[in-house]
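Reader: Hey, I've just opened this one and could use a hand finding my way around. Can we go through it piece by piece?

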Amino acid sequence: MIIKRLHQPLVTQIRGCHHGKNILSLSDRGFFQALFPGNAEPEIRKRFITKPQTIYAGFDPTADSLHVGNLLVIMGLIHCQRGGHQPIALLGGATGRIGDPSGRNSERSLMDVSSVEHNLSAIQRQIETIFENHEKFFWNKKSAAPALSRVKIVNNADWYRNLSVVGFIANIGRHFRLGDMITMSSVQQRLQGDGMSFTEFTYQVFQAYDWLHLLKEYDCQFQLGGSDQMGNLVAGHRLIGRTAKKSVYGLTLPLITNEEGNKFGKSAGNAIWLDQDKTSPFSFYQFFIRIADSEVENLLKLLTLLPLKEIDEIMVQHKQVPELRQAQQKLAQQITLLVHGETGLQKAETISSALYKGSVEALGKLNLNEVKECFAGAALCEILPAPGMTILEAAMKCKCFASERDAMRIITAGGFYINQNQTKNIAEVLSPSVHVLENGLTLFRVGKKNYYIVTWL
């Protein structure tokens, strides 16, 4: 993966620190891109060491699921919790309807209230599930600093619905300077293209006010976000400095993209979603199995909780026999367990074993939909079983071959498989105990890639 480094004023790269609750030590993993203000590293370190802090990150409900590109921010909040700090996940019930222009060439479509509410509910469940999985499968609390509480999830629509437009502009808008707002990179990019609506232009005002509100309600002095959020973060810092007269700090994370410049998990326009109904645990798992060797070490550091020493050992073993993809398997296991839990990981590994290792036992544990997903594009056929039905007869009923002559030739030559096992005897009689899997299905294969899923009537 390529990590883009944004160059903004007052930004300094974070150096590694090693103190119990000081999450700046994550810089050893390449976790942080920069901090704001640029001269605040000693003060930030001091605050993390002195007492527990509250830190937030925002998630706008632009879809009914988060995707793997959101995982780095979620991991940041998890690391904060593990360090004894209070994480807050801010859901943009209000700002989601405005639309963040950062990194976009065109304005988002306006979402109706019901769509926003649906998306909010789905995203909240995902965040809660990930934190629950973390606590259940990854967090040894006996050796960890005690967190203030579980992740706190708030919705900014709760405080905007009671604000009047005139009052908000009069009391908050006066603290923003047009010159500062226009110089934001996201604004400049759009002004040089097709332009920007007033709605999008105000996004930075609302995100800044969110931070001010969280500071007043929860003493939240830290904001965590992607490096493309630096402009919005600076806007919040300025607003708080001019109104609350308090010091607040921002931590930005690296923006990870592939070689084509697409955001992580969105290559070819197909996002890898955290919702198992949009991206199944198997497809999710396989996404990480297919990560390139040149990228896997970085992602192990960023998206897993494995100690750096263990990651080094994994990479040594991986480089000895790279074709086994041991590092990718560890990456896929760790992230799938975090997002989809034990059941999701087991399902992903079972389907992978059935598909890539030819495991008949694993194949028999899958239901019809999972078999269809495993063998995408496979033809479906229904056969009424009859006493004495031969392999040749069953193959013809499934239309595996254009003619009986072709069937006889290919089967006897070894080009036909039943449940991944080669068979050459065209006269062999099908037997439920031998040829029908535990799930009641049978898988035919012709050659290397042509699959037929048989259901018995």
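**A walk through the model**

Author: Let's start with a pocket: helix 4 gives the largest share of the lining of the second largest pocket, 4 residues. Helices here are DSSP runs of H or I with at least four residues, strands are E runs of at least two, and both are numbered from the N terminus.

Reader: Before we go on, what kind of model is this, and what do the local features need?

Author: This is a predicted model, where local features need pLDDT of at least 70 and side-chain atom pairs count only at pLDDT 80 or more, while totals for chains, interfaces and linings use all residues. Residues are numbered from 1 along each chain as its sequence is written, and side-chain values use heavy atoms, with hydrogens and water left out.

Reader: Ok, back to the second largest pocket. What volume does it have?

Author: About 730 Å³. That volume is the space filled by probe spheres set on grid points, which are joined across faces, edges and corners. A pocket, on a 1 Å grid over the protein atoms alone, is an open set of points where a 1.4 Å probe fits, with protein on both sides within 12 Å along at least five of seven lines; lining residues have an atom within 4 Å of a point.

Reader: And which residues lie nearest its centre?

Author: Ile-98, Tyr-160, Val-165, Phe-168 and Phe-206, out of 25 lining residues. Among the elements giving two or more residues to that lining are helix 3 (95-98), helix 6 (165-171) and helix 10 (203-218).

Reader: Helix 4 came up first. What about Glu-135, where does that sit?

Author: Glu-135 is in helix 4, which covers residues 113-137. Glu-135 counts as buried because its relative accessibility is 15%. Buried means under 20% relative accessible area, exposed means over 50%, and partly exposed is in between (1.4 Å probe, protein chains only).

Reader: Which side chain does Glu-135 have a polar contact with?

Author: Arg-150, at 3.5 Å. A polar contact is a pair of N or O atoms within 3.5 Å; within protein, one must be able to donate a hydrogen and the other to accept it, and residues adjacent in sequence count only if both atoms are side-chain atoms. There's another polar contact, of 3.3 Å, between the side chains of Glu-370 and Lys-347. Glu-370 lies in helix 17 (residues 368-374) and is buried, with a relative accessible area of 11%.

Reader: Switching topic: how many salt bridges are there in the whole structure?

Author: The search finds 10. A salt bridge is a side-chain nitrogen of Lys or Arg within 4 Å of a carboxyl oxygen of Asp or Glu. Side chains of opposite charge can pair when their charged atoms come close.

Reader: Where do Lys-278 and Asp-64 lie?

Author: Lys-278 is in the loop between strand 8 (255-257) and helix 12 (281-289), and Asp-64 is in the loop between strand 3 (54-59) and helix 2 (71-82), so the pair links distant parts of the chain, 214 residues apart. Their side chains meet in a salt bridge at 3.2 Å, N to O. Lys-278 is partly exposed at 38% relative accessible area, and Asp-64 is partly exposed at 23%.

Reader: What about Lys-301 and Glu-297, how many residues apart are they?

Author: They're 4 residues apart in helix 13 (residues 293-303), about one turn of the helix.

Reader: Last topic, the backbone. Which peptide bond is cis?

Author: The one from Phe-36 to Pro-37, with omega near -5 degrees. Pro-37 is in the loop between strand 2 (34-36) and helix 1 (41-50).

Reader: And what's phi like at Asn-419?

Author: Phi of Asn-419 is near 50 degrees, a positive value in a residue other than glycine. Asn-419 is in the loop between strand 10 (416-418) and strand 11 (421-422), and counts as buried at 3% relative accessibility. Gln-420 also has a positive phi, of about 70 degrees, although it is not a glycine.
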